[in-house]
Amino acid sequence: MSWETVIGLEIHVRLKTEHKLFCSDRAVFGSEPNTSICPVCMGLPGALPVLNPEAVNLALQTALAFGCTIHFESVWARKSYFYPDLPKGYQITQFEHPLATKGTLMFSGSEGDMSVSIRRVHMEEDAGKLLHDRVPRASAIDLNRAGTALVEIVTEPDLRMPADVRLFLGELKQTLEYVGASDCNMEEGDLRVDANISVRRSGSLRLGNKTEIKNVNSFSGVERALSLEISRQIATLDSGDTVGQQTLLWDDHREELREMRLKEESHDYRYFPEPDLSPLKVTEEQVVAAIESLPELPRERCSRFKDIYELKDYDAEVLTQSAASADYFEELVGIEIDPKVAAKWVTGPLQALMNERREDARTVPVRPAKIGALIGLIERGIVSESAAKSVLVILAQEGGNPSDIIEEQGLIQERDIGQLTSWVTEVLAKHSEEVARYRGGESRILGYLVGQVMNDSGGAADPRLARDLLIKQMSNE
Amino acid sequence: MSIRDEVLSGSEILDVRGSAVLSLDHIKELEGGQESLNAFLAIADPEELEPYDRGPLAGVMVALKDNICTKGLPTTCGSSMLKGYRSPYEATVVKKLRRAGGLIAGKTNLDEFGMGSSTENSAFGPTLNPVDRSLVPGGSSGGSAAAVAAGYVRVALGSDTGGSVRQPAAFCGVVGIKPTYGRVSRYGLIAFASSLDQIGTIGATVLEASLLLEIVSGYDARDSTSAQKPVPSYKDAVVEGVEGMVIGIPTEYFPEQLDPSVRALLDEACERLIDAGAEVRPVSLPHTEFAIPCYYVLATAEASSNLARYDGVRFGVRVPAEGLERMYEATRGNFGTEVKRRIMLGTYVLSSGYYDAYYGTAQRTRASIAHDFKAAFSEVDVLLTPTSPTPAFPLGERVLDPVAMYLSDIFTVTANLAGIPGLSVPIGTVGGLPLGAQLLGPWWGENHIIAAAGALEASYKEDT
């Protein structure tokens, strides 16, 4: 009899707010420890939380992106536990009455289009961070992160395979980025995933004992940790033992799961309504405004790209990977660039440039108008495509206009038939063997010969004219 | 309006420019000597006081309960956990006092974190009642009430979670007002039970307590539970009188066991109000008997959470021990007995499996108690009750009997549970000890209870 795995996720997402959730400190990262703190987020005696409405709007948009039901009144709760990075001894979160419930997220998984139900989306504050390497023989506490705004997204146990978990998380991350709710920077901890996993006999409706995997900070890590845990649970069950409920910590370097100490996990969080804050009320107008400001989501955009622009699946997927590159692409189309050409440039040379410069389509200095002009020059035969790629690099480094750069750098294509004929004749003379192969029917060799002409001309020859001349001369002789 | 102009400049106790007849040096001498009441935990350095001559409190000395964060002075909550703690920021009420020209005379003693009814639960020793030094001053704002009663200051701030302003005011023979929940900002008040805590004022007279309340009241963006309600003139209310006012006498607050001499003084107060033009009628608040258990479930639940931060990591005097868990245990062992008792109670009632039975039931009871008041205030303007079943009791008498101690708050906790304003005003003595009457008003109806208290006070003054 085979086994079936059941996986549910709890995802913590740091919202992209300017200020913390309950005080006016800036939510900054990477700055000196304890430089963005105040009595409220330090939990000083007597200080009180005041809600930052900016965070509520982002949380609303997040929940709406999953089609969740928004609750017009939700309740803040205190979750109590002792840990040095938690200055008040409790975290302000939502428990019995969350902001939103019952949504779904579609994604492309192992069985094509799949969907996962979202159980709830609630808001909460983050804890601080322990630094173990600053002070000899002691741990230091940085409270810059304490009090920053998070949403927790809890899924139903709908996932079955670790690979699908990774694909689902990819779709989730993409959605959050589209909405502008979070930067989703995994290294900075913008997105943290806990997974609940259990195994049962295929066809059984009862859930098996679950374990919880925490501390995973990459999607591939989640996949690897889950695969490891599934094998362990199946081996345990096969040997006739039962799986014990426990919490496991993933060690990414050692590729192993470590059992959390019993004391660390035996928490009774003693939730109760936060008396310092009134219930969170959202109005119908707020929800309507959030719906209206919701952008087109990745899957919709991808299928629209395929329909309207007749792009191939792969191109549409790559372009809609981030809202920024999809926007870039559509700006190009908007200035009358052929969609297929635009797609080729954004996914090709522009992507290469962004990778090299570690930038995205929003920050890359070469804006669509410039690339549009460059593509126009290619189409008019003034510059070759390969030369245009070097123009792109210069545009990124120095700015300026494509046509000026082409002129300054002498990249204007040679279209004079006399000049081209002499380059072609020379190449044919030097490569009699290839000429013979071409005539023998190996037409693919033509590209090589064009390349030789381009080489000899220092990149100046118009490749299309050179190609025509090559064919003509080889068939004449 | 100015406390100095209206009241104090003519008084025998204060002169102008902030130098009390009882100067800070004099208070220091008294509090440091054999006759010390131990009312103050810290007294300001006279050199550091800036003589203000502007604002309604210009030059008036105000004592602050030591759970109100104050710059320049320690804020200890009467706990060894916060011994020497100096807050880097100041409570909203303190800012308001300073802006009004007030001078912070010092910080007054209290039951640790406000948990107690006698000020005996202070880590820094009990405060004595200036009326009779063998008695408790009440609590938890016992230091503030004693300081006013002893004439060290004319006005002081306290905090009231279950009667902690009204009961000590009654025990010391002064006036104490707990306003409506949300009337005064709690920002900078170190929390005991956040949904019940409210800063209140203590004054030698109704007028002084009312004027101080007017100054500290009002919305504060730093406290999400503070209300955006206009603050009426409480000074005007003092002399408004009770002509046509309907005063309710809740039968549940006059149980059969009530000491006849206490009952007699309350009856007299009733007569005086009738003489002044009020109408008196009985009312019923049927859920009163559940108030004490309800209060001790909710207050301890919130306290267990509010006091979690004193774990030795950032707050609380750290007791070094091997490992984090042991350090937590050793450090938190430094709380006093009553605080530990309440943390344990609160932790228990919030535990999974018990939450609904205790916390859930208490929340529903709280709503019923509030509903009782709502119904009563649809018929009457204010309610008159004893502040406490007895006058001040001897030091040490109830320390070992927590339930007897809890019952001294039996008439005061309901106002905190419902969030309504309450006031205690002296109405004579029982066996030579001051007794207080409590006036309860509807939400935001401080002016009504002040008017009734003003009328009572005036009536007693005529006798002398």
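Modeller: Ile274(B) counts as partly exposed because it has 13 C-beta neighbours inside 10 Å. A residue is buried with 20 or more other C-beta atoms within 10 Å of its own, exposed with 12 or fewer, and partly exposed in between, with C-beta atoms placed from the backbone. The model is predicted: local features need pLDDT of at least 70, side-chain atom pairs count only at pLDDT 80 or more, and totals for chains, interfaces and linings use all residues. Residues are numbered from 1 along each chain as its sequence is written, while chains are lettered from A and ligands numbered from 1 in the order in which they are written.

Biologist: Where is the place of Ile274(B) in chain B?

Modeller: Helices (H or I, at least four residues) and strands (E, at least two) are DSSP runs, numbered from the N terminus. Ile274(B) belongs to helix 8, residues 260-275. Chain B has 15 helices and 11 strands.

Biologist: What share of the residues in chain B is buried?

Modeller: Of its 464 residues, 60% are buried.

Biologist: How far apart are Ile274(B) and Ser210(B) in sequence and in space?

Modeller: They are 64 residues apart in sequence and 23 Å apart in space, C-alpha to C-alpha.
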